[in-house]
Structure formats: structure tokens, C-alpha cells
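User: I would like to learn how to read aromatic contacts in a model. Please take me through them step by step.

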Amino acid sequence: MNQKTTPIIRFDSIVKRFPDVVANDEVSFSVEEGTVHSLLGENGAGKTTLMKVLYGLYQKNSGTIYLKGEKTDIVSPMKAIELGIGMVHQHFKLVSNHTVIENIALGLTDVSMTRPTRQIERKLIELAGKYGLDVEPRAKIWQLSAGEKQRAEILRALYRGAEILILDEPTSVLTPGETERLFNVLEEMVTGGKTVIFITHKLDEVMKISDQVTVLREGRVIDTLATASTNKRELSKKMVGREVLFDLERDPCNRGEDVLEVEGLTTYNDKGVIAVNDLSFTVCEGEILGVAGVAGNGQRELSEVLTGLRGATSGKVVINGKDLTNATPRRIADERVAHVPEDRIKQGIVGELTLNDNAILKSYRKRPFSRGIFLDYKKVREWTENLIEEFNVKAPGTDTPANLLSGGNIQKLILGREVSSNPRLIIASHPTYGLDVGSAEQIRNLLLKQREDGVAVLLISENLTEITSLSDRIAVLFEGNLMGMVERDQATREEIGMMMAGTPLEQL
Ligand SMILES: Nc1ncnc2c1ncn2[C@@H]1O[C@H](COP(=O)(O)OP(=O)(O)OP(=O)(O)O)[C@@H](O)[C@H]1O
Ligand SMILES: [Mg+2]
């Protein structure tokens, strides 16, 4: 008898080409049934593409997919679902003003027409109980937190009979607590015999949750390993093809004049609840001020007020000595304030436009690009080519629409554009969110370089390691209140963690 069981999925020489790039180049590896298999790779390595091929959203150019040893043609997502494959995308696909049940009913054919809701609800509750996926079936999607939405997506896939579940960067939207919960769910699923394919950039997660890991680089498989017999350093080296320095080199801070002064700032969120409460701080030349906090504690609103996207109800924002409280985004940008927004796709780029257009989004009115009412396209193209080269953006050409770039490459383009605008102040919200270790390192070094050049940097991040390794001072936000401000070498991670959980510095 054959000792080894047949893998549930076997990719055999999968090739997927786009007009300008080979996204998957002869990809071959196997996934064993009842395991968590991570897919690790830099931005643009081809992870999402491969999974879209498996889910029938893209058609491969050549190669074969075997399911349980049988050659299979997955011509559409419908076919994939029929074959027991489910996918939770990088960006959720639920309809927001429908309930969880309605979302699950969408596209189902075998529901009793008379009482579909009752029928679905019963099965939902059963599934939810089995895997610990609690979410209120009658709640509308817009009322749910990111974690609940994700659980609803997983439920939908399971409802449709998924035996193989693909999760594309599922933890990037979750708090640490919710990530923990998701991992418990995945463990339940695997114990129940299901198979999970888990796409992530986070090496800690690969080590923690997966049995096997396949590393992709530039569309090719570098290796498939058992996590038990590897480590983070080895994985990151395989992923980027060189050693990654986990410790950044930085010179001591040369503090200059105050560039940003915030005084008693207060603002409300979209639901009319106080988001930032009587906040005061300064950032000076050549300094990185890190704002730490769990997502949703006022960081987003703070960055919006500072860049003119949201009004302040009281308090003052002074930039370069000028009172810019409630000034327009354009007026603020004219003070050489660069912004790396949290929602890059919505606020950082215009997806349909080419890289050329996106590269000059903020400077098209200025020389050398503008010649009277016309744009000097040759100059624009040169400038964009430079950005792509200098910031290591992987893109087929400057005429490519920005939304065809992978998430990390979009981020590098935005950062490159903002940094190249010769700023006095950079407001960077989660600048390395969703980036692989190589790109993240590049971006962190870039911020340090700006600081050395005398730029003031306000760094908003949930990543505590990033905050502590880059910042000169650290401010911690909790429910819109400043819990404390500490010098880099005076703070311990534990203390910052306590403040993030709501204990003010003076009570520590
Ligand atoms: N629809 C498309 N048309 C053209 N090119 C595409 C398309 N989708 C992806 N690409 C390109 O294929 C390559 C692989 O992209 P993919 O999205 O699979 O990367 P990824 O590994 O998921 O990256 P990330 O970690 O940033 O999400 C990239 O160079 C990307 O620009
Ligand atoms: Mg992807």
C-alpha cells in the first residue's frame, strides 16, 4: 500500500501570464488534507493570483490542478464552490446593507423559497457553534466589526460546503485579540478535517498557525517547508532572497524647531462620537513621533484632521508656525505636508489612472510638469520612471493603471511620491501595513533617512515593534485620549502595552 496519502491539492507547473508580467511561473507544490498551508511571498510575488486561479476567477495559461489526485478544470468560482473550495478575499465582498443571512442566501439555488431565512439561520447557527464563528445572523453587514465580517465570510464559504478554505491576508484587518480568535477557528476547522490555505506576510503567523509553508518569489516557488523544521530568519531570507536586518540602524535625534504643534485638539468620528479628545503634542524637525494604539482609538481621525480631511471641533493645529486649523487639504499640502493615508486605495491613488498620472497627482499644477494648460508628458514619464526605480516599485510600465499593482507596490509608489515632494512634515498612517518584510524594511529606512534630513515625521502604527524601533518619542492613544508620552529609551513594551489597554502613564 502507498504510505503517503494523496494530497488534496496539487499544483503542477501552473503558469499565469498578464500582458506585462508572468504572475505565476511554473508553480508546482502540494497541499495536504487537514492542514494549514501558508503561502508566503513579497508584494507582487503572485500569491493572490495563484489562489484566484484555484478559485476559478482567473484562467491559467498552462499547467494542471489536481484535486485529490484528479485532474480538474476550474472554469469559474461556481465550479470551485461545487468542488468544495471557498475563498475569503483580501477585500471583503459582502453587501453592506444586507444582513448576514441575506448575504449567504445570495447566489444559493437550493434554498426553500418559502422560508429561506429560517432554513439558513438554523444551519448558520449550527455551523457557527461548531467552529466558534459567532456572528449575529440578522445583523446588517455595515454594523459588523472587521472580525465579524470576516467570520460572516468564512461562514458563507462553509455554508456552501467548503472543504478547502483560502484566506487572503486575513489578519491584516484584525486586532490581536481577533487574530487569536481566528486562529482558534482555523484549528477547529483543521481538526474537523478541512484544509486551509493561508496567505500572509507575517512570519510570526506562519510559524504559529501553519503546518507547511510555500514561499513564492517573483512568481516562482522557492521552497515548500514544514514550519516545524524552519524559522523566521530562514523564511524571510527565502522570501526576499537576502538577509533582512531586523534591527535598524539609527543616529541619535537632532531635534530642531517645532514643525507641527497640536493644542487641545478635539474631533468627532462619523458616528458622532468623540474620536480625539483634547489632544496636545508637538513634532519637531528631525524627529519621529510615534503614535501607538489599537486601531480605532482615534488615529484615523487624528490624521484626517491634520491633513484637512476632517474638521476639528476645538483646539488648534499649527504647522510651520501658521495656524492651519480646519484649512483645506490643498492649503495644508502647500505647507509641504506629505500624507501616506491609511486607506491607500481610496485616498492615496486613483486606481483607474496610470502610474504617470498617479505620480504627479499632487504636483501636476506645478513646474516642471505643467506648461501652461498642458502637461509635459515626457517630463512626467521620466519622473515616474525615476520613482519606480528609486523606490523599487514592481510595475510593468508607467502606463499601467495603478490598480493592477499589488498592494505593496501601490504603497511604495505613494511613499515615493510623497517623500519626493520635499516635505517638511510627513504624516504616515500604517506605512508598512500589508507589506512584506523586505518592502517594510525599505520603507522604514526611508522614513529614518527623512528624519536625518530634518523632516518631522508623525508615524501612526499599530505595529509596536515598528513604533519602538523608529520613534524618538512615543505617544499612546486610547479612546481618543493621550495615555502618555514617553522618550524612546525610557519606555518598555509592557508599559506601552498597558497604556494601549487604557492605563494612563501616571498610574503605571
Ligand atoms: N488583473 C491583473 N492584470 C495585470 N497584472 C496583474 C493582475 N493581477 C495581478 N497582476 C500582477 O501580477 C503580479 C502578482 O500579483 P499578485 O496580486 O498575485 O501578488 P501578491 O503576491 O498577492 O502581492 P500582495 O502581497 O501585494 O497582495 C504583480 O506584478 C501584479 O501587478
Ligand atoms: Mg495579494
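Aromatic contacts

Analyst: There are three aromatic pairs in the structure; rings of Phe, Tyr and Trp (its six-membered ring) pair if their centres lie within 6.5 Å, and planes under 30 degrees apart count as stacked, over 60 as edge-to-face and the rest as tilted. This is a predicted model, where local features need pLDDT of at least 70, side-chain atom pairs count only at pLDDT 80 or more, and totals for chains, interfaces and linings use all residues. Side-chain values use heavy atoms, without hydrogens and water, residues are numbered from 1 along each chain as its sequence is written, and chains are lettered from A and ligands numbered from 1 in the order in which they are written.

User: What describes a pair of aromatic rings?

Analyst: The distance of the centres and the angle of the planes describe it. Phe11 and Phe29 form a tilted pair, at 4.9 Å centre to centre with 35° between the planes. Phe11 lies in strand β1 (residues 9-18) and Phe29 in strand β2 (residues 21-31), 18 residues apart; strands are DSSP runs (E, at least two residues), numbered from the N terminus.

User: Are Phe11 and Phe29 buried or exposed?

Analyst: Both Phe11 and Phe29 are buried (under 20% relative accessible area; exposed is over 50%, partly exposed in between, with a 1.4 Å probe and protein chains only). Phe18 and Tyr58 form an edge-to-face pair, 5.3 Å centre to centre and 80° between the planes. Phe18 is partly exposed at 28% relative accessible area, and Tyr58 is partly exposed at 26%.

User: Which residue lies over the face of Tyr66?

Analyst: Arg10 does, 4.4 Å from the ring centre; a charge sits over a ring if NZ of Lys or CZ of Arg is within 6 Å of the ring centre and within 35 degrees of the ring normal.

Conventions: Helix = DSSP H or I, 4+ residues; strand = E, 2+ residues; numbered from the N terminus.
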